[in-house]
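Biologist: Could you take me through how one reads the contact between two chains, step by step?

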Protein chains: 2
Amino acid sequence: MRFLKGHGTENDFVVLPDVDDRLQLTGELVRALCDRRAGIGGDGILRVVRGQDGLWFMDYRNADGSIAEMCGNGVRVYARYLVEAGLESEGHLQLRTRGGIKEVDVKDGTVLVDMGPAVVGDPVDVDGMPATAVDMGNPHAVLHVASVEALGVLDPDRKDLNVEYVEDVADNHIRMRVHERGVGETRSCGTGACAAVVATVLRLGIPRGTAFTVDVPGGRLTVTWREDGHVSLEGPAVIVAEGDWHDA
Amino acid sequence: MRFLKGHGTENDFVVLPDVDDRLQLTGELVRALCDRRAGIGGDGILRVVRGQDGLWFMDYRNADGSIAEMCGNGVRVYARYLVEAGLESEGHLQLRTRGGIKEVDVKDGTVLVDMGPAVVGDPVDVDGMPATAVDMGNPHAVLHVASVEALGVLDPDRKDLNVEYVEDVADNHIRMRVHERGVGETRSCGTGACAAVVATVLRLGIPRGTAFTVDVPGGRLTVTWREDGHVSLEGPAVIVAEGDWHDA
């Protein structure tokens, strides 16, 4: 089985080219491929299928075999693959996901994706502090802290939410750590970076449309809460290896 | 850069074919390849070099970039690669390592390696219990417990030793968990399985020469403390993928 391995700010994926939609991607197969010791290893699978409507479809699976609608870093790696494989040219692309059609711009060093609208909810209480609730298709709670490093091991008292801890670095520049529900702390989270910037814009009372630099443990993203309410996520997305998996 | 990925009882390695010894394997390159998110991922690197004496040399590096003399599961994966690549035939092989020449038998489903002599030392105290000290080229302390599962998180009070916790399953059959110094609990440890069997033979007062089944979290090994004092380690060793790494 042909595979590629790629990552966006160290959120990593096994890419499975399957243009003609012939591969039966069972939960067992997903778990075997994503196993970091006995398989290839990854946070998830990106199966590349050409849809009947002519759009590329991203069949995204979590490492545990479950189906997910969307993945902000995954869709960026997916787009990078299409361009590197010569299936698409650099520039604007539309990609179909279970979370709808995504608008993507593949550039030389980065890939930008329109992550859709942010929905801000009522504040929630996390670790005894008021957090900004932001829904990006999945639920986030954003806390402002003096230092993300000083937090030590992340163990929020709300396990039903993705929790972002945000520190101000400079104007339009934040640093973030994220605890993903059901996973724990991760190196990066695309929707989490979007939620963090939305919460920061609200906290600072500045207008939308400003590009923020977001430092995550796995690298650097650029996030803009646009004037139309959508959030754009931009950052590196690279293919690091390709090869053949010897099916067990 | 051409690579393969393989594992022995889920102790996993990046194999780098470099027959003519041309590759400069820096610590930085080792860490980049072994990075489980931004690289290929592995517990170590096995660089395959043909020595001037005609023997294959195993240039083994730990994931942190340091040099190690030997690795019991690594040498088995190395031998499997040689046979799968057509560089050697199944059967007996001699492989050169920094820990000396190793005698290896590559079979259909398993690979057996002579791990050399076990040196039994004075008992040591671990977690307030007397443990059997066994040196297999690296230091081990083996504790006998009623249930390895009941131990929960392994956190021995001796961090300078590899500590094996051993449970009796049946005649000539043990189950083991291991805490490797500088690493933490791992899925498997070849020298640890050898030490565990040596300590069990001594504890039970049975003669050498009996083959033991050793269940580790990553699979099943067979270990024999031979009458000549050497310990043989046998178990599965598989190549699961091969491909090209896009050097960063």
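Biologist: How many residues of chain A are in contact with chain B?

Modeller: Bearing in mind that this is a predicted model, 21 residues of chain A are in contact with 20 residues of chain B.

Biologist: And what area is buried between chain A and chain B?

Modeller: The size of an interface is often given as the accessible area lost when the parts come together. Here, the area buried between chain A and chain B is about 1,900 Å², and carbon and sulfur atoms give 44% of that area.

Biologist: How many salt bridges does the rule find across the interface of chain A and chain B?

Modeller: The rule finds four salt bridges across this interface. In the pair A:R37 and B:D12, the closest N and O atoms are 3.4 Å apart, and this pair counts as a salt bridge because the cut-off is 4 Å.

Biologist: Which strand gives the largest share of the side of chain A that touches chain B?

Modeller: Strand 1 (2-8) and strand 18 (238-245) of chain A each supply at least two residues of that side, and the largest share, seven residues, comes from strand 18. By class, the side of chain A that touches chain B holds ten charged, seven nonpolar and four polar residues.

Technical notes: Residues numbered from 1 in each chain as written. Chains lettered and ligands numbered in written order. Predicted model: local features only at pLDDT ≥ 70, side-chain atom pairs only at ≥ 80, totals over all residues. Heavy atoms only, no water. Contact = heavy atoms within 4.5 Å. Buried area = accessible area lost by both parts, 1.4 Å probe. Salt bridge = Lys/Arg side-chain N within 4 Å of Asp/Glu carboxyl O. Helix = DSSP H or I, 4+ residues; strand = E, 2+ residues; numbered from the N terminus. Nonpolar A, V, L, I, M, F, W, Y, C, P; charged D, E, K, R; others polar.
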